[in-house]
Amino acid sequence: KPLAAPAAVAPATGMAAKPLRERCVALTGSFETSSPVPQCFSGLTGNFDGQGVSFGALQWNFGQGSLQPLLQKMVSSHQAVIAGIFGADFAELQRMLAMTSKADQVAWAAGIQTAKFSVNQPWRGYFTALGQTAEYQAIQGDAAAAVYQKGLGFCRQFGLKSQRAAALMFDIVTQNGSINATVAARINADFAELPAGGTDETPKLVIVANRRAEASNPKWVENVRARKLVIANGGGTANGMTYDLAKSYAITLDPAADLT
């Protein structure tokens with residue numbers, strides 16, 4: 001039986017109008033949730049890891065206290081939108097958010113899902129609809145600000161200026177945490193071997209992708225490499241999905257405004 005072709009991530013309308021930070025969240029969120037844009041913004045998993053519910057492109061959750069601020073910001077800034085989505089259960093959502101114990105909030109989340117950690121309806125539908133709103137997508141972008149800034153710091157460290165470089169470093173910080181001094185030295189040594197005068201950042205991004213992947217847990221090196229090379233090359237296949245960064249995320253080799 002022939003192998004099925006990788007699923008393609010469809011072009012998304014409206015991404016070019018969004019800030020680069022939000023586009024980076026969407027791309028990394030697609031890897032994290034195995035869902036294309038815009039569905040990645042509604043990624044939802046249950047309490048299999050003891051975190052209650054993990055929701056959104058970067059899987060913010062109750063157990064670590066990372067999800068509550070996003071929901072609270074939605075309530076305070078766009079109450080009509082979120083109230084309209086949750087309807088008669090909006091008061092129950094507010095009651096949960098008012099709890100002072102993260103353990104109680106995790107227990108609440110466990111109570112709205114099955115024994116196999118699937119979030120029950122209508123709550124699954126509520127969260128899915130919330131993640132598809134422009135307002136909550138923007139809140140997710142704001143919540144990733146510190147990660148984005150750390151990624152920009154690595155771009156500056158290696159003299160990279162493109163949107164694709166910003167996306168690669170954002171993904172590295174999200175998935176791998178950092179680039180240590182040993183890896184940085186290897187990257188710089190490889191950069192020094194490149195022909196002088198080139199304006200295409202792709203060869204440098206490929207070096208970063210490979211060197212950071214090689215420093216990962218041996219079990220996951222090739223998984224990390226595939227994901228990072230998709231970004232470095234502007235497209236390709238990772239985790240069974242085929243990506244075109246320019247078409248689906250409006251992420252190109254054009255200069256990133258935050259790096260100019």
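Predicted model: local features only at pLDDT ≥ 70, side-chain atom pairs only at ≥ 80, totals over all residues.
Residue numbers start from 1 along each chain as its sequence is written. Local features need pLDDT of at least 70, side-chain atom pairs count only at pLDDT 80 or more, totals for chains, interfaces and linings use all residues, and side-chain values use heavy atoms, with hydrogens and water left out.

Helices (H or I, at least four residues) and strands (E, at least two) are DSSP runs, numbered from the N terminus. The axes of helix H9 (residues 163-176) and helix H11 (residues 202-214) come within 10 Å and cross at roughly 5 degrees; axes here are lines fitted to C-alpha atoms, for helices over the stretch in contact, with angles running from 0 to 180 degrees between N-to-C directions. H9 and H11 are therefore roughly parallel to each other, a label for angles under 35 degrees. On the H9 side, the contact (heavy atoms within 4.5 Å) is made by Arg164, Ala165, Leu168, Met169, Ile172 and Asn176, and on the H11 side by Thr202, Leu205, Val208, Ala209 and Arg212.

Ser34 lies in the loop between H1 and S2 and has a positive phi, near 55 degrees. At 48% relative accessibility, Ser34 counts as partly exposed (between buried, under 20% relative accessible area, and exposed, over 50%, with a 1.4 Å probe and protein chains only). Another cis peptide bond joins Gln121 and Pro122, with omega about 5 degrees.

Conventions: Parallel < 35°, antiparallel > 145°, perpendicular 65-115°, else oblique.
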